[in-house]
Amino acid sequence: MISILLVLQFVLAVIITIVVLLQKSSSIGLGAYSGSNESLFGAKGPAGFLAKLTFVLGVLFVINTIALGYLYTKDSKSSIVDNMVVPSTQAPVAPSVPNVPVANEGNTTSTQAPSTPSVAPQNPSQN
């Protein structure tokens, strides 16, 4: 549906551009190429017909633009990011060690975490 409306939007834009350029202006524009079409469009020539056609095409262009905006907004409520799966990689949590007072050389006490003793794991199958 959106692709049909998008193609229609481009077609309407091109047709509106051509119709506007065919209208007479102070510098004539492309209106000089319309020839003597007074008998086809009436006594005033193509001015009244082209003005009405421009108005109708402009209304169709605006309605099509609003419809495209509505459909694009309706489709944009879902995002690619919503469908992503993020792997759970949590950093390991270090065990909390309580602060133990340790005596320093100068008769002052300070609180430091005790150092972890490095003990090699014993394998019972090697006995």
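Modeller: Buried means under 20% relative accessible area, exposed means over 50%, and partly exposed is in between, with a 1.4 Å probe and protein chains only.

Colleague: Fine. How much of the chain counts as buried?

Modeller: Of its 127 residues, 12%. This is a predicted model: local features need pLDDT of at least 70, side-chain atom pairs count only at pLDDT 80 or more, and totals for chains, interfaces and linings use all residues. Residues are numbered from 1 along each chain as its sequence is written, and side-chain values use heavy atoms, with hydrogens and water left out.

Colleague: Which elements does the chain have, and in what order?

Modeller: Three helices and two strands. From the N terminus the order is α-α-α-β-β. Helices (H or I, at least four residues) and strands (E, at least two) are DSSP runs, numbered from the N terminus.

Colleague: How far does α1 reach?

Modeller: Helix α1 covers residues 2-22, and its first and last C-alpha atoms are 30 Å apart. That is close to the 30 Å expected at 1.5 Å a residue. The expected span is 1.5 Å times one less than the number of residues.

Colleague: Which α1 residues are buried?

Modeller: Ile2, Leu5, Gln9, Leu12, Ile16 and Val19. Down the axis of α1 they fall within an arc of 105 degrees, so they line one face. The arc is taken over directions from the helix axis to the C-beta atoms.

Colleague: And what sits on the face turned away from them?

Modeller: Exposed Ile4, Val7, Phe10 and Val14.

Colleague: Switching to α3. Is leucine 50 buried or exposed?

Modeller: Buried, because its relative accessibility is 9%. Leucine 50 belongs to α3. Its C-alpha is 9.6 Å from that of lysine 24, 26 residues away along the chain.

Colleague: And leucine 60?

Modeller: Leucine 60 is in α3, residues 46-75. At 42% relative accessibility, it counts as partly exposed.

Colleague: What does UniProt list for residues 51-72?

Modeller: The unreviewed entry lists "transmembrane region" there. UniProt positions use the numbering here, feature names are shortened, and annotations may be inferred rather than shown by experiment. In the model that span is 100% helix and 0% strand, with its end C-alpha atoms 31 Å apart.
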